[in-house]
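Here is a short tour of one protein model. Keep the sequence and the structure in view while reading.

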Amino acid sequence: MKTSMLRFFCLPVLGSLLLTHMQGQTPAKTFRKVVSQYEIGAGDDFLRRIEEVNRDIAARGVVLYEPDGRKLLTGYAYHEMYDWDLYFENLYMSYFGISDYCFTNLKSFLNRQCVNGFISRTLIEKRERQHFKPFLAQIAELGSRQTCDYAWLEERGDRGRMQIGPAFKSVSYYEQLMLSIDYWMRYCDFDRNGLPVWNSSDHSGMDNQISRAGRLDEFRYEGVDLACYIYRELRAMELMAEKLGKAEDAKRFRVRAALLADKINTVFWDEEDGFYYDRDEHTGEPVRVKSAAGFIPLWAGIVPPRRAERLVREHLTDPDEFWTEFPVACYAKTEPDYVQGDIRDWGCNWRGTTWIPINYMIMHGLLDYGYADVARELARKTVDLVYKRNEVTREFYDGESGEGLGLKRFWGWSVLAYVMPFECETGYDPSKLDGSAVRPLGRELFGLDFPASDDPRPISTHLSQDGLQ
């Protein structure tokens with residue numbers, strides 16, 4: 001990043017960027033305490049697993065994307081870049097002081113933005129009717145918070161659909177992020193109630209949750225998860241606008257976020273069931289399918305306390321619903337199409353299996369609402385699942401048997417399992433949208449530096465099938 005352009009440089013408070021003590025303990029003592037309390041096992045073996053994961057990321061997850069001449073990050077052996085994956089992958093990379101891919105990946109996606117704001121949610125295999133999930137502003141905010149550089153957002157250039165000529169003349173990245181958010185409301189909210197719809201379950205990222213998010217190109221179901229992600233995008237834009245001295249913009253984003261939070265709590269909440277359901281835009285009726293998407297409002301921080309208690313006590317921790325042997329099930333066990341295993345009926349299986357980014361979001365929601373006991377148990381079970389039950393990191397997991405599923409090896413968002421116990425114990429949350437410092441705790445807690453990625457494998461616009469399982 002160009003430090004000479006730091007017109008709005010945020011001066012770090014001494015000690016805010018490097019962890020020196022946690023809860024009155026040295027990092028070494030904190031590490032030993034977490035390893036013991038979360039039943040991780042031998043600390044040296046655990047560190048070797050993290051080193052192994054980091055070597056995979058450096059050697060196979062960092063690639064040279066030839067059309068843009070940039071180093072990009074991916075968790076997939078077949079080298080696709082996905083929307084929300086990028087955010088969670090970069091949360092992990094922040095542990096080692098690496099923010100590069102918040103910017104390089106983001107800019108490569110923005111180079112392909114249409115004039116209406118649309119950006120395909122995948123970089124290589126274009127999904128021309130599936131807009132990038134609402135994580136772009138959060139990615140930009142995460143990177144900016146690490147570098148204390150927000151001026152880059154106002155850099156102007158000719159961008160968008162670069163393969164057929166620039167769609168924008170002298171557009172800023174800040175303006176492109178706003179366009180991306182507005183696309184949801186202009187083109188995906190057909191009844192104009194302020195709640196856009198998913199294209200399909202595939203678009204939601206929860207590939208085969210068809211019974212709640214629809215089939216390909218249905219554009220029918222208002223997702224509670226989608227609305228929560230947009231809420232967080234608005235909050236991220238508010239923070240960045242404040243850093244850029246755009247007080248009026250910040251106020252508008254804040255008001256829009258508050259109105260959206262009210263809609264989420266008014267439209268999606270079912271008082272009788274004590275759960276957040278999606279809504280069928282065609283009928284106006286709730287989609288009474290209990291998905292882990294119903295817990296995302298906890299992560300967004302917009303749930304009234306009484307509702308949070310019902311979500312946690314009546315549903316999340318119920319072993320007959322979401323609290324499987326290795327929680328959290330992405331579908332409640334009470335759903336007729338609940339199933340474990342790698343069924344591959346429509347993409348990956350999200351109808352009961354355990355996915356680590358879902359656990360990560362829910363864990364932080366639990367901590368924010370005072371359910372530390374449940375959060376600790378979730379973190380303990382998650383690291384048990386990913387580290388102790390499986391020899392290598394996997395893409396997702398059977399929530400009943402603990403078997404790893406999908407890609408093998410995997411170095412994408414599942415790696416968050418390794419840091420969840422430490423965040424749970426210390427209260428550290430790099431995903432929190434409050435302007436707090438992002439700390440390179442991997443160096444402090446683990447004593448590890450990230451290996452160099454000096455000779456990344458070049459990729460073009462064609463997917464490699466290497467490593468597909």
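Valine 63 stands opposite arginine 457 in β12. This is a predicted model, in which local features need pLDDT of at least 70, side-chain atom pairs count only at pLDDT 80 or more, and totals for chains, interfaces and linings use all residues. Residues are numbered from 1 along each chain as its sequence is written, and side-chain values use heavy atoms, leaving out hydrogens and water.

**The sheet**

Strand β1 covers residues 62–65 and pairs with β12 in the parallel sense, over three bridges. Strands here are DSSP runs of E with at least two residues, helices are runs of H or I with at least four, and both are numbered from the N terminus. Two strands pair if DSSP finds at least two bridges between them. β1 also runs antiparallel to β2, joined to it by four bridges. Some facing residues are listed here.

| Residue | Stands opposite |
|---|---|
| Valine 62 | leucine 73 in β2 |
| Tyrosine 65 | isoleucine 459 in β12 |

Four residues lie between the strands in the hairpin of β1 and β2. There, glycine 69 takes a positive phi near 65°.

What is the strand order of the open sheet? The order is β2-β1-β12, three strands with mixed pairing. β2 (70–73) and β12 (457–459) are the edge strands, each pairing on one side only. On average, neighbouring strands of this sheet are turned by 45° against each other, direction ignored. Helix α2, residues 43–61, packs on the sheet and touches β1 and β2. Contact means heavy atoms within 4.5 Å. The direction of α2 makes about 15° with that of β1.

**A helix pair**

Two packed helices are described by the angle between their axes and the distance between the axes. For α3 (residues 83–93) and α4 (residues 100–110), the axes come within 9 Å and cross at roughly 160°. Axes are lines fitted to C-alpha atoms, for helices over the stretch in contact; angles run from 0 to 180 degrees between N-to-C directions. α3 and α4 are therefore roughly antiparallel to each other, a term for angles over 145 degrees. From α3, Leu86, Asn90 and Met93 make the contact; from α4, Tyr101, Cys102, Asn105 and Leu106 do. By class, the contact has five nonpolar, two polar and no charged residues.

**The annotated span**

An unreviewed UniProt entry lists residues 171–414 as "domain: Mannosylglycerate hydrolase MGH1-like glycoside hydrolase". The end C-alpha atoms of residues 171–414 lie 35 Å apart. This span is 46% helix and 7% strand.

Key: Angles under 35 degrees count as roughly parallel, over 145 as roughly antiparallel, 65 to 115 as roughly perpendicular and the rest as oblique. Ala, Val, Leu, Ile, Met, Phe, Trp, Tyr, Cys and Pro count as nonpolar, Asp, Glu, Lys and Arg as charged, and the others, Gly among them, as polar. UniProt positions are given in the numbering used here, feature names are shortened, and annotations may be inferred rather than shown by experiment.
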